[in-house]
Amino acid sequence: MVENSRDGLMETRGQIGRLRTMGHGNVLVLLLLTAVFRAVVLLWPGAFTTDPDSYQRVAQNLASRGIFALNGEPTAYRPPLYPVVLSGIMCAVGPYWRIGLGIIHWLFGIGTVLCVIYLVRRRSCRVCALAVLFVIADPILLHHSRLIMTETQSVFLVAVTLALFHAGTSRAERIWWFFGGVFLGLCSLTRPTFLPWPILAVLLWLLGSVQLSRDTSDMTRPSVSDVDSLPPKAHGRRLAGVGRIGLAAIGFAVAIVPWGVRNWLILGRPIIGTTHGGYTFYLANNPWYYKYLRQPGAEPVWDAAEFNAQWVKSLEEKQLHDELAADRLAYELAFETIRHQPTMFLRACFDRFCQLWRLIPNRLDQDEPLVLWGLRHGVGLFYLVEYVLVGLGILGWLKRRDFQTPDRVLAVLVCALVLTVVGIHLFYWTNMRMRAPLIPMLALLAGEGYHYLTSRRLETEQT
């Protein structure tokens, strides 16, 4: 019986091992599917006709006057990288810039999928295909890929960052860590939300290293003759780790410092984020929004018209035309609201957490057509399936005992970014699209969840 069980287990491992083949032909098929699907979405009429966040206006100023400006004045109200890319397209193709932007978004989509394939290449074709499916069919990403907004670019940069650091830990060349740091900086220049990401990643890695060294020392308990040989090895590993982190920090600084220097010279402060943070913090913490939360049976979506009118009135009363002063005022008003209504602040934090992870998009019309109702709930079903697989993927990661260094680095980066996005949007204005940077990681975890299911099923069948 023991022999049969052992043979069955070896056969199971063999089957799991055979599932881990991801040939070049399959990669090409997945990339072709991505290219065709994204092209159809982007070619559908109506793409890039609206400018919700004024990126087009900033890019046009940059292309025509060479000034990063909004309303004619130099600004740091929006992060710089997406307007820089957009202005480059405008300079290159002129009046056909929307076609150029569509091509760039199309390439970003293909690049994201290619990075996801690289990260799950050791899994089966089905796992890889499922992860790719969750990227190319993600409703948030599909909708915003047709808008002049940063979601498509930020998701691409996150995927490249994960791939670069994974390559840096699986290859001897340390230059990968430098480029990983550069792309961390590019992520932050696309969305300031990313700024705490490298800090949290380093802290989590240090905590994990301390815990790992404790576990290792408890298991090994070296003899007296071995003690003298351990410190140099441990010291060498620490120096190597510090060197890699140092390279990543240099890369991050190379990307982020020019934006801070520009703002210091022009606006008088070395801003590495934006001057938009105060408004989004006040938008999430103001008396009108808190009143909306207290109303039973309120409208599905809060109408911020009254808030915006009062905000403009406050700026006019105080005669604030400086965006730095306006940013400070917004923070002051938000903290004043929090001090007077601390219980509502906690409730608002919970509401923002739910909004960030909600399954079904908000109903925008009380009398919406049946088709829109069906589409919204179809989106909810998509995310429900993904969340279930993500939960299984996390369970599979927690149960793994064969974590290599690349896997540990990837896990640290994933955890750090999730904590960053959730932590920031507990306090700042939040909706479903704010979780867009997590799409590649959710896809990876969903693929791991499917792998965990299939592995468990094969082991159960053989035992």
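**Contacts of His144 and aromatic pairs**

Colleague: Leaving aside neighbours within four places in sequence, which residues is His144 in contact with?
Modeller: His144 is in contact (heavy atoms within 4.5 Å) with Met149, Glu151, Thr152 and Arg433, leaving aside those neighbours. This is a predicted model, in which local features need pLDDT of at least 70 and side-chain atom pairs pLDDT 80 or more, while totals for chains, interfaces and linings use all residues. Residues are numbered from 1 along each chain as its sequence is written, and side-chain values use heavy atoms, without hydrogens and water.

Colleague: Is His144 buried or exposed?
Modeller: His144 is buried, at a relative accessible area of 9%; buried means under 20%, exposed over 50% and partly exposed in between, with a 1.4 Å probe and protein chains only.

Colleague: How many aromatic pairs are there?
Modeller: With Phe, Tyr and Trp (six-membered) ring centres within 6.5 Å as the rule, the count comes to 25 aromatic pairs. In one of them, Phe165 and Trp177 have ring centres 5.4 Å apart and planes at 80°, so the pair is edge-to-face (over 60 degrees; under 30 is stacked, the rest tilted). Phe165 is in helix α8 and Trp177 in helix α9, twelve residues apart.

Colleague: Are those two buried or exposed?
Modeller: Phe165 is buried at 4% relative accessible area, and Trp177 is buried at 11%.

Colleague: What about Trp357 and Tyr387?
Modeller: Their ring centres are 6.1 Å apart with planes at 70°, so this pair is edge-to-face. Trp357 is buried at 19%, whereas Tyr387 is partly exposed at 22%.

Notes: Helix = DSSP H or I, 4+ residues; strand = E, 2+ residues; numbered from the N terminus.
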